[in-house]
Amino acid sequence: MIRIVNSEEDILKVMVVRGIVFIEEQGVDWEGEIDEFEAESIHFLGECDGQPVAAGRLRLLPGGTAKVERVAVRPAWRGRGYARSMVEAILAEAILRKSLKFKLHAQVYLEDFYASFGFQRQGGIFSECGIDHILMTREDI
């Protein structure tokens with residue numbers, strides 16, 4: 001089950017997932033993971049039997065662009081469709097909020113995953129928090 005976060009407890013659960021995946025597993029620094037956009041973002045939480053297992057974030061940018069960010073699934077729950085459900089929920093909320101342009105910074109190995117949602121690679125590889133990423137965009141105009 002994926003839902004929009006609406007409490008302090010839910011934010012803590014989101015941060016647990018992101019901490020496990022990005023900080024512990026991928027070695028991202030705390031300062032790189034928790035940023036100045038937390039308060040203005042719409043956070044999403046995926047749970048299984050009360051356990052926080054997936055997280056994601058939507059940031060609405062000027063000009064009607066929506067940025068998909070911080071999609072993470074704890075290792076033990078990967079391969080069960082949580083990442084796909086998370087991206088679907090984030091995109092659906094962005095569309096409800098009238099976004100027609102979307103972008104994200106994908107870790108390189110996830111290019112095909114995001115392409116399955118209609119995202120297309122733009123440009124070359126760049127480093128973000130010491131991890132290779134690519135810019136991907138989608139327009140529903």
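This is a predicted model: local features need pLDDT of at least 70, side-chain atom pairs count only at pLDDT 80 or more; totals for chains, interfaces and linings use all residues.

Biologist: What makes glutamate 47 and arginine 3 a salt bridge?

Modeller: The closest N and O atoms of glutamate 47 and arginine 3 are 2.8 Å apart. Glutamate 47 lies in strand β2 (residues 42-48) and arginine 3 in strand β1 (residues 2-4), so the pair ties together parts that are 44 residues apart in sequence. Strands here are DSSP runs of E, at least two residues, and helices are runs of H or I, at least four, numbered from the N terminus.

Biologist: Why is glutamate 47 called buried, and what does arginine 3 count as?

Modeller: Buried means under 20% relative accessible area, exposed over 50%, and partly exposed in between (1.4 Å probe, protein chains only). Glutamate 47 has 13%, so it is buried. Arginine 3 has 24%, so it counts as partly exposed.

Biologist: Which residue forms a salt bridge with arginine 18?

Modeller: Arginine 18 pairs with glutamate 33, with the closest N and O atoms 2.5 Å apart. Arginine 18 is in helix α1 and glutamate 33 in helix α2, so the pair ties together parts 15 residues apart in sequence. Arginine 18 is buried at 1% relative accessibility, and glutamate 33 is buried at 4%.

Biologist: And what is the partner of arginine 57 in its salt bridge?

Modeller: Glutamate 38, and the closest N and O atoms are 3.0 Å apart. Arginine 57 has a relative accessible area of 0% and is buried; glutamate 38, at 12%, is buried too. Both residues belong to a network of salt bridges that also links Arg18 and Glu33, among others. The structure holds 17 salt bridges.

Biologist: How do you know that arginine 74 has no salt bridge?

Modeller: Arginine 74 is buried, and its nearest side chain of opposite charge, glutamate 24, is 8.6 Å away. Lys and Arg count as positive and Asp and Glu as negative, while His and the chain ends are not counted. Arginine 74 lies in the loop between β4 (65-73) and α3 (82-96). Not counting residues up to four places away in sequence, arginine 74 touches Val17, Ile20, Val21, Gln51, Pro52 and Val53, where contact means heavy atoms within 4.5 Å.

Biologist: What makes β6 and β7 a strand pair?

Modeller: Two strands pair if DSSP finds at least two bridges between them; seven bridges join β6 (residues 120-128) to β7, so they qualify. The two strands run antiparallel, and glutamate 128 stands opposite isoleucine 131 in β7. β6 and β7 form a hairpin with two residues between them, and cysteine 129 in the turn has a positive phi of about 55°.

Biologist: Which strand does β5 (residues 101-107) join?

Modeller: Strand β7 (residues 131-139), through seven bridges, and the two run antiparallel. Alanine 106 has isoleucine 134 as its bridge partner in β7.

How values were computed:
Residues are numbered from 1 along each chain as its sequence is written. Side-chain values use heavy atoms; hydrogens and water are left out. A salt bridge is a side-chain nitrogen of Lys or Arg within 4 Å of a carboxyl oxygen of Asp or Glu.
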